[in-house]
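The following report considers how two chains are arranged and then turns to selected elements and residues.

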2 protein chains.
Amino acid sequence: MSERPPAAGSGEDRLIARHFAPLARHPGALGLADDAAVLTPPPGCDLVLTTDGIIVGVHVFPEDPADAIARRALRVNLSDIAAKGAKPAGFLLAVALPAQTNDEWLAAFARGLGADAERYDCPLLGGDTDRTQGPLSVSITAFGTLPAGTMVRRSGARPGDVLIVTGTIGDAALGLTLRKDERAGASLTGAQRGHLLGRYLLPEPRTGLAETLRAHASAALDISDGLAGDLAKLCRASGVTAQIEVGRVPLSDAANALIAAQPALGERALTGGDDYEILAAVPAGNLDALRAGAAAAGIAVSEIGRLTAGNAAPEFIGTDKRPLAFQRPSYSHF
Amino acid sequence: MSERPPAAGSGEDRLIARHFAPLARHPGALGLADDAAVLTPPPGCDLVLTTDGIIVGVHVFPEDPADAIARRALRVNLSDIAAKGAKPAGFLLAVALPAQTNDEWLAAFARGLGADAERYDCPLLGGDTDRTQGPLSVSITAFGTLPAGTMVRRSGARPGDVLIVTGTIGDAALGLTLRKDERAGASLTGAQRGHLLGRYLLPEPRTGLAETLRAHASAALDISDGLAGDLAKLCRASGVTAQIEVGRVPLSDAANALIAAQPALGERALTGGDDYEILAAVPAGNLDALRAGAAAAGIAVSEIGRLTAGNAAPEFIGTDKRPLAFQRPSYSHF
């Protein structure tokens with residue numbers, strides 16, 4: 001049918017043009033109208049690469065707002081980039097959409113994604129859009145840059161290093177507890193419930209701490225599978241063990257209130273997932289400088305324990321000076 | 001429980017350690033034991049980034065072998081990298097696994113992935129593993145490198161350029177026809193059926209042509225949504241139109257035999273998806289050099305038409321000199 005006007009492309013092309021191309025203002029995105037994106041790394045820099053996905057029904061609830069799902073998907077990746085000491089450089093988006101996904105949902109999703117891409121200076125560079133017979137899924141691959149050879153690894157911690165965490169621990173896991181059972185939060189104020197639920201839905205990647213970590217931390221990771229489980233990973237990678245003073249683990253007012261009402265939830269705060277705070281090992285001599293960098297970035301850091309030689313499991317020491325025994329030490333979807 | 005030995009990690013950690021860590025021999029993969037991978041781009045190079053996914057039931061059949069699913073997922077990305085003129089540099093793998101995925105399946109999947117990572121010199125750098133209640137899905141993000149500013153785009157074609165394709169066109173779409181209806185291949189020999197089915201299951205990325213494309217093509221893309229649809233994309237991006245001589249479009253013996261028995265399938269060869277051959281625009285003066293480069297790489301190229309000024313839809317001219325009218329000009333999952 002050579003007489004008709006040029007085809008506007010497939011349904012996928014139209015969907016991309018309508019919702020995602022307006023976000024792709026970075027020149028390397030080529031307007032999402034090519035097979036690939038192009039990224040020119042700054043001279044002398046390494047690229048840090050990470051990929052993390054969200055599946056509706058596994059990582060988020062089907063009724064979660066589309067814009068929050070998009071922002072969460074980007075933020076969990078930015079959290080990895082930050083923990084490694086890198087500056088965001090851009091991301092690729094792969095979405096698998098059930099047939100019933102409507103235009104309004106996609107518009108809200110793109111709005112949330114665009115807002116965070118701007119907020120964290122991490123442009124959309126490209127992607128892939130598919131139909132699925134399964135649940136909606138969003139897989140993001142994010143890129144960060146840093147001076148060559150300076151990525152903060154899990155494996156650099158040494159005995160004597162101090163362990164610090166950013167922000168507060170356990171809010172997201174307790175927020176998830178409230179999502180699953182509203183009555184669990186009966187003793188909380190509305191603001192406290194809102195705090196925990198919000199921390200579950202929308203993590204705050206600590207991008208502002210990246211440069212400070214690179215300068216002063218010996219090892220770091222972001223806490224996605226729970227403080228206890230991720231600390232064990234850092235210790236295994238570094239060949240060290242750790243003692244955490246549970247009384248020094250920073251908890252929000254809301255978390256404290258919920259745990260006061262239901263002491264059994266204390267373990268959940270230490271072992272539950274989705275904090276997206278940073279756990280770092282810091283040589284004692286760097287601690288002041290790290291604190292200063294964090295303060296300048298407006299990010300709270302708390303000293304929670306210390307690394308020691310050995311390959312035993314890390315210990316969480318209670319206020320009674322005795323080690324805690326966890327029922328379920330780490331969160332995993334498997 | 002501080003008395004027990006260090007935990008071996010979560011189920012996800014064990015799965016990664018067993019099946020995927022052995023593939024991650026590139027130093028930047030950090031043994032898949034960190035939050036992110038690190039890639040040091042060669043000085044003066046751009047990175048080409050692409051992501052493409054496979055969902056069981058959408059892009060492949062549930063009964064397709066695990067190793068072929070893995071190889072196909074990597075190859076469709078390598079096809080993009082090649083079409084852009086880049087050399088593979090590595091990839092990230094995101095898999096979402098239904099609960100019933102067993103160890104044997106994963107071992108075969110990892111085996112296929114490792115074989116192709118080696119074959120195409122494209123190492124596994126990192127990834128993400130999730131459980132899903134939906135179908136199994138594999139999303140790969142692949143990286144390529146090339147001298148800065150030299151990526152072959154869709155948009156560089158000019159009137160007067162010659163259109164070339166690699167290999168043969170339509171085999172995969174006809175293979176899919178046979179997969180869906182065995183009787184469709186009744187007139188073919190077993191070897192012919194095997195050829196078409198194999199071309200559907202396992203594309204051959206034209207990585208050997210990348211440097212030649214970069215040196216001599218003005219525009220290129222890989223044909224994933226069918227020759228007609230992808231040609232229309234190249235023309236729209238470049239602001240040109242095209243005339244294809246259908247008689248010059250290269251078909252395999254098996255495709256010719258099937259179309260001879262069922263002439264209606266001729267359109268499907270030109271419009272069906274999954275060729276993963278390369279369509280390129282080549283300035284007439286570069287044609288000999290491009291042919292020489294392709295010959296040196298052992299890749300067949302065929303001249304199929306020419307680009308002209310204008311923004312009409314590309315024309316496919318039949319052997320009777322009249323333009324064809326397609327029923328369904330392009331393949332799309334949407």
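Through which surface do the copies, chain A and chain B, meet? In this predicted model, 99% of the interface residues of chain B are also interface residues in chain A, so the copies meet through the same surface. Chain B can be superposed on chain A by a turn of 180° and a shift of 0.0 Å along the axis, with an RMSD of 0.0 Å. The two copies are thus related as by a two-fold rotation axis. In chain B, the C-alpha nearest that axis belongs to B:Gly134, at 2.0 Å from it.

| Residue | In contact with |
|---|---|
| A:Asp128 | A:Ala94, B:Thr51, B:Asp52 and B:Gly53 |
| B:Leu279 | B:Leu163, B:Val165, B:Ala220, B:Leu221, B:Ile223, B:Leu227, B:Asp230, B:Leu231 and B:Leu234 |

A:Asp128 is found in strand β4 (residues 124-132) of chain A, and this residue is buried, with 21 other C-beta atoms within 10 Å. Between the C-alpha atoms of A:Asp128 and A:Leu188, which are 60 residues apart along the chain, the separation is 43 Å. B:Leu279, for its part, is with A:Leu279 one of the residues that have the most contacts inside the largest nonpolar core, a core of 214 residues.

Helix α2 of chain B (residues 66-83) has 18 residues and reaches 26 Å from its first C-alpha to its last, close to the 26 Å expected at 1.5 Å a residue. Because 17 of the 18 residues of α2(B) are buried, this helix is largely enclosed by the rest of the structure. α2(B) is followed by B:Gly85, whose phi is positive, near 85°.

Key. Residues numbered from 1 in each chain as written. Chains lettered and ligands numbered in written order. Predicted model: local features only at pLDDT ≥ 70, side-chain atom pairs only at ≥ 80, totals over all residues. Helix = DSSP H or I, 4+ residues; strand = E, 2+ residues; numbered from the N terminus. Expected span 1.5 Å × (residues − 1). Buried ≥ 20, exposed ≤ 12 C-beta atoms within 10 Å, placed from the backbone. Least-squares fit on C-alpha atoms with pLDDT ≥ 70 in both. Contact = placed C-beta atoms within 7 Å. Core = buried A, V, L, I, M, F, W, Y, C linked by C-beta atoms within 7 Å. Lists of a residue's contacts leave out its neighbours within four places in sequence.
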